[in-house]
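Work through the exercises below with the sequence and the coordinates open. Each task is followed by a solution in steps.

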Amino acid sequence: MANSNVAFGMKPINTAGSTPATSGTNAYHIKSDASAIFQGSPVIATNDGTIAVSSSASGDTLKFIGVFAGCEYVDATTGKKKFSNTWPGSGSANTNFDIIANVYDNPMQRFIVCSDASLTDKATAIATIFESAEFSAESNKGAADGNTTTGISTAQLDVSTVDAADPSHPLKIVGIMDDPENADFTAAGIPLIVMINNHALTAPATGGSAEGGIS
């Protein structure tokens, strides 16, 4: 039986070592000409002090600062403050005012993300725990992809990239969500619990900055 999961990007569930659903969000700036960002999309820190959507579909070798939860800005057309689960992109905001993003940025935050393909069986799925993976590079499944109607990310984890030996991958699998409606390991849509590898806020003080890619 196929799983009922649909793509929703990265959904926060709890913090490692803690039971609360999330550790909350922090505010960051978005440039007015930044590309669209969807709720549940991983975001990077840029060298101009803002956050932006992933610069590659797979997210490989990138330092993510967290996951986008939504934003607030003054609408360029109405002149009114708008709260949205998506940043629509260039031309949306009145540039006389700050564009503020809310980001789940705790390096210990755990998220659910759907697998983009079969994991064969439960034993094989369990064997992926503590291994790293990329986001899918397929159309509408990448780190920067999303649904323009719902404003929700459509990013999925690329099962074919699961690898214990490559820490440059952006996602570390730490568990499997127990969900009877999404327990068909022969089909896509298994809810995997992940954390962000190479988190921008834990970048070393020397040998690289918190911005951009892994140095």
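Buried means under 20% relative accessible area, exposed over 50%, and partly exposed in between, with a 1.4 Å probe and protein chains only. The model is predicted: local features need pLDDT of at least 70, side-chain atom pairs count only at pLDDT 80 or more, and totals for chains, interfaces and linings use all residues. Residues are numbered from 1 along each chain as its sequence is written, and side-chain values use heavy atoms, with hydrogens and water left out.

**Exercise 1. Cysteines**

Task: Determine how many disulfides a search of the whole structure finds, and classify Cys 71 and Cys 114 as buried or exposed.

Solution. Step 1: a disulfide is a pair of cysteine sulfur atoms within 2.5 Å. Step 2: searching the whole structure with this criterion gives 0 disulfides. Step 3: Cys 71 has 4% relative accessibility and counts as buried. Cys 114, at 2%, counts as buried.

**Exercise 2. Salt bridges**

Task: List the salt bridges in the structure and state what the pair Lys 31 and Asp 48 ties together.

Solution. Step 1: the criterion is a side-chain nitrogen of Lys or Arg within 4 Å of a carboxyl oxygen of Asp or Glu. Side chains of opposite charge can pair when their charged atoms come close.

Step 1: the structure holds 3 salt bridges. In one of them, Lys 31 and Asp 48 have their closest N and O atoms 3.4 Å apart. Lys 31 lies in the loop between β2 (26–29) and β3 (42–45), and Asp 48 in the loop between β3 and β4 (51–53), so this pair ties together parts that are 17 residues apart in sequence. Helices (H or I, at least four residues) and strands (E, at least two) are DSSP runs, numbered from the N terminus.

Step 2: Glu 72 is joined to Lys 81, with 3.5 Å between the closest N and O atoms. Glu 138 and Lys 141 meet at 3.4 Å, N to O.

Step 3: check the accessibility of the partners. Lys 31 is partly exposed at 37%, and Asp 48 is partly exposed at 39%. Glu 72 has a relative accessible area of 22% and is partly exposed; Lys 81, with 47%, is partly exposed. Glu 138 counts as partly exposed at 43%.

**Exercise 3. Aromatic pairs**

Solution. Step 1: rings of Phe, Tyr and Trp (its six-membered ring) pair if their centres lie within 6.5 Å; planes under 30 degrees apart count as stacked, over 60 as edge-to-face and the rest as tilted.

Step 1: The ring centres of Phe 64 and Phe 135 are 6.2 Å apart and the planes stand at 85°, so the pair is edge-to-face. Phe 64 lies in strand β5 and Phe 135 in the loop between β9 and β10, so parts 71 residues apart in sequence are tied together. Phe 64 is buried at 1% relative accessibility, and Phe 135 is buried at 1%.

Step 2: Tyr 73 lies in strand β5 and Trp 87 in the loop between β6 (81–84) and β7 (100–104), so the pair ties together parts that are 14 residues apart in sequence. Tyr 73 is buried, with 1% relative accessible area, and Trp 87 is buried at 0%.

**Exercise 4. Sheet order**

Task: State the order of the strands in the open sheet and identify its edge strands.

Solution. Step 1: two strands pair if DSSP finds at least two bridges between them. Step 2: 5 strands form the open sheet, in the order β1-β8-β11-β10-β9, with antiparallel pairing. Step 3: β1 (11–15) and β9 (132–133) are the edge strands, each pairing on one side only. Step 4: β9 pairs with β10 (residues 171–176) in the antiparallel sense over 2 bridges. Leu 171 in β10 is the bridge partner of Ala 133.

**Exercise 5. Positive phi**

Task: Describe the phi values of Thr 61 and Asn 140.

Solution. Step 1: most residues other than glycine have a negative phi. Step 2: Thr 61, not a glycine, has a positive phi of about 70°. Thr 61 is in the loop between β4 and β5 (64–74) and is partly exposed at 35%. Step 3: Asn 140, not a glycine, has a positive phi of about 65°. Asn 140 lies in the loop between β9 and β10 and is exposed at 51%.
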